[in-house]
Amino acid sequence: MPPPAPPTVLVPSERAVVLLSCALSALGSGLLVATHALWPDLRTRARRLLLFLSLADLLSAASYFYGVLQDFAGPSWDCVLQGALSTFANTSSFFWTVAIALYLYLSIVRTARGPRTDRLLWGFHVVSWGVPLAITVAAVALKKIGYDASDVSVGWCWIDLEAEDRVLWMLLAGKLWEMLAYVTLPLLYLLVRKHINRAHEALSEYRPILSEAHRLPRRCAAADKKLVLIPLIFICLRVWSTVRFVLTLCGSPAVRAPVLVILHGIGNTFQGGANCIMFVLCTRAVRTRLFSLCCCCCSSQPPADSPAGPSEAPAPSRMRESQESTRTPEGLPST
């Protein structure tokens with residue numbers, strides 16, 4: 001096996017970019033979790049899967065942030081701890097991303113419903129949490145996680161590059177599942193899109209006579225269909241990590257190129273932020289509710305110099321509540 005390549009030294013600007021990406025990803029994942037907790041009517045099965053993906057991305061961003069901030073110069077106990085947490089969270093994120101695509105395929109194309117879907121969700125939990133946990137425990141027990149000189153990371157600890165079987169453990173601890181996802185996700189994505197396009201063509205001549213009552217559930221389903229964009233986000237962000245992994249195996253000096261280092265750092269840490277942009281900020285129903293909540297919080301305190309403020313405040317508040325209750329059906333589609 002070829003010796004490890006020289007270490008990749010991170011300059012302060014690269015470290016700052018990766019830290020900012022970690023912080024934004026953690027903030028985005030937290031916002032996704034908060035919207036799930038605040039509005040029960042948005043808790044579809046697909047968005048529940050997105051919740052678990054956000055939890056994995058949140059843990060991943062936090063562990064990466066600590067690793068980049070510490071700037072490890074060698075093996076240590078906190079290096080191993082950070083590497084174990086990021087390995088578990090990162091691998092779990094791969095599995096949950098594939099689970100979302102598989103759920104969409106089974107529910108939209110195969111029309112899986114009822115108890116079968118519930119059993120499927122339990123299976124997703126067992127695989128998406130259990131397999132990464134087993135791999136991480138084995139890697140820690142066999143002392144495979146440690147300092148990697150940033151050759152296959154961007155400042156954080158992962159698989160120890162001094163281990164003789166490091167390539168095998170790099171595959172088991174993430175790269176194998178990452179490359180399998182590159183094949184599985186586009187295939188499931190294309191099958192789902194093909195089925196949706198066929199359904200739209202078949203129903204196009206009947207759309208003008210659909211009543212508003214029948215139109216609303218179809219608009220609500222748009223939120224679930226929008227989740228097919230997760231695979232595209234995943235591939236665009238993760239491909240740079242795979243490129244550096246291959247370059248490291250080849251011993252190429254291009255693995256230390258600043259552009260690749262920055263893209264790798266952003267790609268591995270910004271998954272939660274990208275999901276937040278797509279499914280909170282770019283989703284009308286969630287965005288309007290979030291902005292309304294922020295406006296209500298900002299206007300909840302009356303001015304201190306107005307003695308009549310507290311007695312007059314409930315009337316506008318009741319008016320806003322009544323207006324929001326009438327707008328609730330418009331916010332459900334999440335398009």
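A: Let's start with the whole chain and then zoom in. In the protein chain, 78% of the contacts with a separation of 6 or more come from residues 24 or more positions apart; a contact means heavy atoms within 4.5 Å. This is a predicted model, in which local features need pLDDT of at least 70 and side-chain atom pairs count only at pLDDT 80 or more, while totals for chains, interfaces and linings use all residues. Residues are numbered from 1 along each chain as its sequence is written, and side-chain values use heavy atoms, with hydrogens and water left out.

The protein chain has 13 helices and 2 strands. These are DSSP runs numbered from the N terminus: helices are H or I with at least four residues, and strands are E with at least two. Of the chain's 335 residues, 43% count as buried. Buried means under 20% relative accessible area, exposed over 50%, and partly exposed in between, using a 1.4 Å probe on protein chains only.

Now to our part, the surroundings of helix α10. α10 covers residues 271–281, and 8 of its 11 residues are buried, which leaves the helix mostly covered. The buried residues are Q271, G272, G273, A274, N275, C276, F279 and V280. C276 counts as buried because its relative accessibility is 6%.

Which helix packs against α10? α2 does, at an angle of about 150° and with the two axes 9 Å apart. Axes here are lines fitted to C-alpha atoms, for helices over the stretch in contact, and angles run from 0 to 180 degrees between N-to-C directions. The angle makes α2 roughly antiparallel to α10. The cut-offs are under 35 degrees for roughly parallel, over 145 for roughly antiparallel, 65 to 115 for roughly perpendicular, and oblique for the rest. α2 passes α10 in a left-handed crossing; left-handed means that the near helix is turned anticlockwise from the far one by less than a right angle, and right-handed means clockwise. On the α2 side the meeting residues are R47, L50, L53 and D57, and on the α10 side they are Q271, G272, N275 and F279.

Let's look next at S25, which sits in helix α1. With a relative accessible area of 1%, S25 is buried. A polar atom of its side chain lies 2.7 Å from the backbone oxygen of T269. Leaving out residues up to four places away in sequence, S25 touches D57, A61, T269, F270, Q271, G272 and G273.

T269 leads us to α9, a helix of residues 258–269. The axes of α1 and α9 come within 8 Å and cross at roughly 15°. That makes α1 roughly parallel to α9. α1 passes α9 in a right-handed crossing. The contact is made by E14, V17, V18, S21, C22 and S25 of α1 together with P258, V261, I262, G265, I266 and T269 of α9.

Between α1 (12–38) and α2 (45–70) comes a loop that holds D41. D41 is partly exposed, with a relative accessible area of 39%. Its side chain makes a polar contact with the side chain of R289, at 2.7 Å. A polar contact is a pair of N or O atoms within 3.5 Å; within protein, one must be able to donate a hydrogen and the other to accept it, and residues adjacent in sequence count only if both atoms are side-chain atoms.

α2 also packs against α3, at an angle of about 155° and with the axes 8 Å apart. The two helices are therefore roughly antiparallel to each other, and α2 passes α3 in a left-handed crossing. L81 belongs to α3 and is partly exposed, with a relative accessible area of 44%. L81 and G67 are 14 residues apart in sequence, and their C-alpha atoms are 9.7 Å apart in space.

One last stop is a disulfide, meaning a pair of cysteine sulfur atoms within 2.5 Å. C79 and C157 form it, with their sulfur atoms 1.9 Å apart. The pair links distant parts of the chain, 78 residues apart: C79 is in α3 (residues 77–109) and C157 is in the loop between β1 (145–146) and β2 (158–159). Both C79 and C157 are buried.
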